[in-house]
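Visitor: I'd like a close look at a single part of this model, and then to see what lies elsewhere in the chain. Could you take me through it?

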Amino acid sequence: MSELLGVAVLGAGHMGADHIRRLDRVVSGARVVAVADPDPERARRAVAGIDGVAVRAEVRDALAAPGVEAVLIASPGPAHEEALLAAFERGLPVLCEKPMVPDPAGALRVVEAEARLGRRLAQIGFMRRYDAEYRQLKSLLDEGGLGRPLMLHCVHRNVSSPPGFTSAMLIDSSVSHEIDAARWLLGQELTAVTVLRPRPSAGAPEGLLDPQFVLFETDGGALVDVEVFVNCGFGYQVRCEAVCETGSARIGEEQAVRVTARAADRRAVPQDYLVRFADAYDREVQAWVDATRRGRVTGPSAWDGYAASVVAGAGVRALETGGRVAVDLPRRPALYG
Ligand SMILES: NC(=O)C1=CN([C@@H]2O[C@H](COP(=O)(O)OP(=O)(O)OC[C@H]3O[C@@H](n4cnc5c(N)ncnc54)[C@H](O)[C@@H]3O)[C@@H](O)[C@H]2O)C=CC1
Ligand SMILES: O=C1[C@@H](O)[C@H](O)[C@@H](O)[C@H](O)[C@H]1O
């Protein structure tokens with residue numbers, strides 16, 4: 001391995017460009033050596049000012065560029081399976097943005113391919129596990145001082161959804177974060193899902209079922225509810241309250257600076273995830289680079305990515321049918337502990 005880990009970034013849109021900036025200027029121990037995007041102009045903009053980056057239109061050409069030792073996937077979810085399998089073929093460690101693969105059958109193919117290799121190569125970008133507040137909540141629950149967790153109440157609001165965002169994506173893209181966070185915080189599997197929806201907001205694009213109210217049951221007897229509202233118009237808000245037998249703990253309300261002026265108290269509301277979770281992305285990518293340079297793979301695994309896809313798939317069916325849908329998650333292979 002070279003002194004600086006050579007990373008190929010696949011996809012140079014919102015997340016890809018931000019990860020390129022992070023690899024170049026924020027985290028230590030890595031450098032961007034290749035970028036793939038079917039839109040070469042976007043790729044070139046994202047690497048402007050960084051020397052020696054191979055810009056390619058095709059994923060496989062970027063992976064074959066000189067100096068590539070690891071891969072960061074930030075293309076749209078449906079493109080992740082092909083990219084993951086191509087990286088595995090070359091034995092390259094990967095940090096793959098969520099959702100790992102939105103389609104559960106494709107997600108299973110990724111898990112099977114990694115299992116055939118007999119070693120983990122992929123970390124999935126569920127960055128909330130690296131957020132300071134989520135980590136404090138996880139420690140509190142693990143310590144057990146509040147008693148057994150009974151319920152998680154979650155809120156996930158975006159100012160607006162990008163073009164092409166579908167009703168299913170509220171679940172398999174947005175709520176995929178809560179699915180992973182709930183599995184991780186509780187140490188339990190999600191076993192069934194029901195989706196209710198109020199009359200769509202007038203602020204949502206025509207035909208988009210937004211907001212939605214998603215209710216999960218777990219194998220530990222807990223309930224997890226998620227209000228997901230991706231065109232709320234007023235801010236990026238992610239909250240989680242754990243209600244336990246002898247107390248409750250809430251995160252997601254105090255991130256912003258409070259300003260008192262002109263006879264009013266104001267608190268700015270972050271407008272997007274790049275602001276709210278900036279530190280979490282930094283810690284996530286630094287942890288990935290550090291582990292990769294030591295020849296290790298840590299963080300959320302391909303199995304976690306697969307589990308999230310299976311639960312989200314059940315959620316999409318629940319949305320379509322209006323009924324309660326059981327989650328059918330196979331047994332976890334030994335590779336994933
Ligand atoms: N962890 C988080 O909080 C967030 C994660 N994401 C995830 O990041 C990924 C990218 O999302 P955005 O950056 O918002 O999308 P975007 O649409 O802004 O960018 C995607 C880029 O990938 C390129 N692309 C399309 N097909 C490709 C392919 N086969 N290979 C390489 N590049 C390809 C597009 O030309 C575009 O430049 C998605 O998986 C999304 O779910 C997005 C936002 C936040
Ligand atoms: O991952 C993300 C986006 O893909 C998704 O569309 C948003 O709803 C989330 O808030 C963001 O964190």
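Between which strand and which helix is the loop that holds Pro 99?

Guide: Happy to show you. Pro 99 sits in the loop between strand S5 (94-97) and helix H5 (104-117); helices (H or I, at least four residues) and strands (E, at least two) are DSSP runs, numbered from the N terminus. Before going on, please note that this is a predicted model, in which local features need pLDDT of at least 70 and side-chain atom pairs count only at pLDDT 80 or more, while totals for chains, interfaces and linings use all residues. Residues are numbered from 1 along each chain as its sequence is written, and chains are lettered from A and ligands numbered from 1 in the order in which they are written.

Most peptide bonds are trans. The bond from Asp 210 to Pro 211 is also cis, with omega near 5 degrees, and Pro 211 belongs to the loop between strands S8 (190-196) and S9 (212-218). Another backbone feature is at Arg 262, where phi is positive, near 45 degrees, in the loop between strands S13 (258-261) and S14 (264-267).

Back to helix H5, which packs with helix H4 (residues 80-89) at about 5 degrees, their axes 10 Å apart. Axes here are lines fitted to C-alpha atoms, for helices over the stretch in contact, and angles run from 0 to 180 degrees between N-to-C directions. That angle makes H4 roughly parallel to H5 (under 35 degrees counts as roughly parallel, over 145 as roughly antiparallel, 65 to 115 as roughly perpendicular and the rest as oblique). From H4, Glu 81, Leu 84, Leu 85 and Phe 88 meet Gly 106, Arg 109, Val 110, Ala 113, Glu 114 and Leu 117 of H5, where contact asks for C-beta atoms, placed from the backbone, within 7 Å. The contact of H4 with H5 holds six nonpolar, one polar and three charged residues. In this scheme Ala, Val, Leu, Ile, Met, Phe, Trp, Tyr, Cys and Pro are nonpolar, Asp, Glu, Lys and Arg charged, and the others, Gly among them, polar.

For comparison, helices H8 (residues 176-186) and H11 (residues 302-321) have axes that come within 9 Å and cross at roughly 120 degrees, which makes H8 oblique to H11. Ser 176, Ile 179, Asp 180 and Arg 183 supply the H8 side of the contact, and Asp 304, Ala 307, Ala 308, Val 311 and Ala 312 the H11 side. That contact comprises five nonpolar, one polar and three charged residues.

Now the ligands. Ligand 1 is surrounded by 25 residues, the closest being Gly 11, Gly 13, Met 15, Ser 75 and Ala 79; a residue is near if its C-beta atom, placed from the backbone, lies within 6 Å. Helix H1 (residues 14-25) gives the most to this shell, three residues, and the shell divides into twelve nonpolar, eight polar and five charged. Around ligand 2 are Asn 158, Ser 173, Ser 174, His 177, Val 230 and Tyr 273, of which two are nonpolar, four polar and none charged.

Terms used
Two residues are in contact if their C-beta atoms, placed from the backbone, lie within 7 Å.
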